[in-house]
Every structure is written in C-alpha cells, then in structure tokens.
Amino acid sequence: MLAPGPFVTALAFLLALTPICIWITLTDLRDMKIRNVAVYTMTGIFVVLGLLALPLDVWAWRWLNFVVVFAIGFVLFAYAGFGAGDIKFVSVAALFVSQAEGQISLALICLSVGLIAGLGLHQILKRIPALTRATPDWKSWGAKRTPAGVGLALALWAYLALACVLAA
C-alpha cells in the first residue's frame, strides 16, 4: 500500500490530535495533570494512523524521536522538577514530528513559542473574573506554577498546522 503524501499525513494527524490537544489543555487547567489516558490515546493514534499514513520505515524511525525525548525528559524529571505528565506528553508528541530536513527545528520553535504562549494565555485567563467564577474548582487558577500542558498542546497543534501549510 502506498502512503499518502506529507499534506494528507499532517492533516490526518492534525485532525486526530486536535480534540486530544483541547482535552489535555482543559484537564491541565482543571487538575494540573496530563492524564495517562490522553497520552495512551495519542500513542494509539500514532500506532494506527501512523501505520496507515507513513511508510513503514519512516513510522519505525519515528520511535527514535520518542526514545530520545523520553531520555532527555527523564533527566529533566529527575533533576529539574519537570512534571511526569509533561514528559510523557512531549515524548509521545515527538512521534508526530517528521525527521525531514527542517522539521525538528520547526518543532523546537513551536515548542518554545507554545510554552511562552501557554504561559501568557494562562496568565490572561486566570484574570478573567467571569471565567474563574465559572470554573472555581480549577486548580491552575491558584497554583504557583503554570500548567505546561497548555503550551505543550498548543505547540503540537501549531507544529501540525504548520506542517500542513508547508506541505500544501
């Protein structure tokens, strides 16, 4: 079976992951946690959709992305206080990053911008009285740290959206 082109692959991943990115954003705002079930769902999407949309050798090599990011993340978790859910999310998100020229740089730019935008967005949202009154039990409003899942989900979504645009 022939794999679809880069645009169709990026679009399929974008459409499949958009609800997951929204789910992760909302649960991280509410609970300050990225749920394992969200990460497992993303992994399942890559296993199934990736096998359908990518050549087998490309699909297999993408697991190297996961291993490298997880190894770096494990060190950051152990020594720098990064959240376990954040590390699991970024590791699985790395499966969706192409190893084609310029794509890893694009993903890192999206990660940087996404984290900064997520921080800013959270700071804005927690200062909207109508929103905080409507969601008084959301832990992130009073937390000392910003929920990274907001920026991480934004970064993954932005990367996939840009991959679609660049492949079109």
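Mentor: Ala, Val, Leu, Ile, Met, Phe, Trp, Tyr, Cys and Pro count here as nonpolar, Asp, Glu, Lys and Arg as charged, and the others, Gly among them, as polar. A pocket is an open set of points on a 1 Å grid over the protein atoms alone, where a 1.4 Å probe fits, with protein on both sides within 12 Å along at least five of seven lines; its lining residues have an atom within 4 Å of a point. The model is predicted, so local features need pLDDT of at least 70 and side-chain atom pairs count only at pLDDT 80 or more, while totals for chains, interfaces and linings use all residues. Residues are numbered from 1 along each chain as its sequence is written, and side-chain values use heavy atoms, with hydrogens and water left out.

The largest pocket has a volume of about 890 Å³, a volume being the space filled by probe spheres set on the points, which are joined across faces, edges and corners. Its lining holds 35 residues, and Val69, Val90, Leu108, Leu111 and Leu152 are the closest to the centre. By class, the lining of the largest pocket comprises 27 nonpolar, 7 polar and 1 charged. At least two lining residues come from each of helix 3 (56-80), helix 4 (84-93), helix 5 (103-125) and helix 7 (148-167); helices are DSSP runs (H or I, at least four residues), numbered from the N terminus. Helix 5 gives the largest share of this lining, 10 residues.

For reference, the second largest pocket has a volume of about 350 Å³.
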